[in-house]
Amino acid sequence: MPVPIVPYSPKATYMPYDAGHPALVMAALGALRVDHVVWAVPYSLEEGMREFERKTGITPSIGGVHQGLGTHNAIASLGNGMYWEILARDPLQLHPPRTWMGIGQVVEPKIVTWAAAVPDLSEAVAKARSRGYDPGSPTNFEREVPGGGKLYWSLAFNHYDQLPGNGIVPFLINWGETKSPASTAPTGCKLVALKAVTSDTSSVSEMLRAVDINPSDLQLREARAPRITAILETPRGLVEF
């Protein structure tokens, strides 16, 4: 039987999550190429981790620090190579050169944006620019992980204080030869839906198409205030963020 989900906006028509048809659910998420979802909190990372555990029953693990960008994170697997990122201000970076992911404007826990995986970052950037949207130049990143070792990845992003499409437009990511954190993150949650609403569907749709995201796969609808919503299947049932 389908599992009903109360939609965010009474004026929007959303595709409900159907637990009886997981293949259809994964096909939609596969088309989005979701790498991870960024859930930012206005308080400490530890408080964010406790809130996620309270909602889902899963204890996330500490990720690492984004040096020079003012944040640190914790993570939990969402299944199928995807993961949930809890993002918070790093108290040890009092005056970073710059902050990202709109963390300075976060006043309540919310999904601020998400990452789409691409096989060739330079090619994806060039294609998007040819379509009138600049997703940012490919930039290499690294961070230490608890227990030793480092993660290496590349991003294309313009997600600083002002987020493209209010965060609905994803930044692009490629892990190269490094395994995604999803491979070692605590398991137990599954992403079963990702959707968005905005007051400017036209321009947001154009930016999404520029990075090869079909707005309909994100169930993009019109609403007064922009919002990204994720539905997770958890040990405590379906949870909407």
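**Reading the model**

Guide: Among contacts in the protein (heavy atoms within 4.5 Å) between residues at least 6 apart in sequence, 67% join residues at least 24 apart. This is a predicted model, in which local features need pLDDT of at least 70 and side-chain atom pairs count only at pLDDT 80 or more, while totals for chains, interfaces and linings use all residues. Residues are numbered from 1 along each chain as its sequence is written, and side-chain values use heavy atoms, with hydrogens and water left out.

Visitor: How many helices and strands does the protein have?

Guide: Helices (H or I, at least four residues) and strands (E, at least two) are DSSP runs, numbered from the N terminus. Here the protein has four helices and 12 strands.

Visitor: What percentage of the residues is buried?

Guide: A residue is buried under 20% relative accessible area, exposed over 50% and partly exposed in between, with a 1.4 Å probe and protein chains only. In this protein, 51% of the 241 residues are buried.

Visitor: Where does Val118 lie, and which residues does Val118 touch?

Guide: Val118 is in the loop between strand 5 (110–117) and helix 3 (121–130), and it counts as buried because its relative accessibility is 8%. Not counting residues up to four places away in sequence, Val118 touches Arg33, Ala124, Leu172, Ile173 and Asn174. Val118 and Asp35 are 83 residues apart in sequence, and their C-alpha atoms are 9.2 Å apart in space.

Visitor: Is Thr178 buried or exposed?

Guide: Thr178, in the loop between strand 8 (171–174) and strand 9 (190–198), counts as buried because its relative accessible area is 19%. Leaving aside neighbours within four places in sequence, Thr178 is in contact with Leu151 and Tyr152. A polar atom of the Thr178 side chain lies 3.2 Å from the backbone oxygen of Tyr152.

Visitor: Which residues lie nearest the centre of the largest pocket?

Guide: On a 1 Å grid over the protein atoms alone, a pocket is an open set of points where a 1.4 Å probe fits, with protein on both sides within 12 Å along at least five of seven lines, and lining residues have an atom within 4 Å of a point. The largest pocket is lined by 23 residues, and Lys110, Ile111, Val112, Pro226 and Arg227 lie nearest its centre. Strand 5 and strand 11 (227–234) are the elements that give two or more residues to this lining, and strand 5 has the largest share, three residues.

Conventions. Polar contact = N/O pair within 3.5 Å; in protein donor to acceptor, adjacent residues only side chain to side chain.
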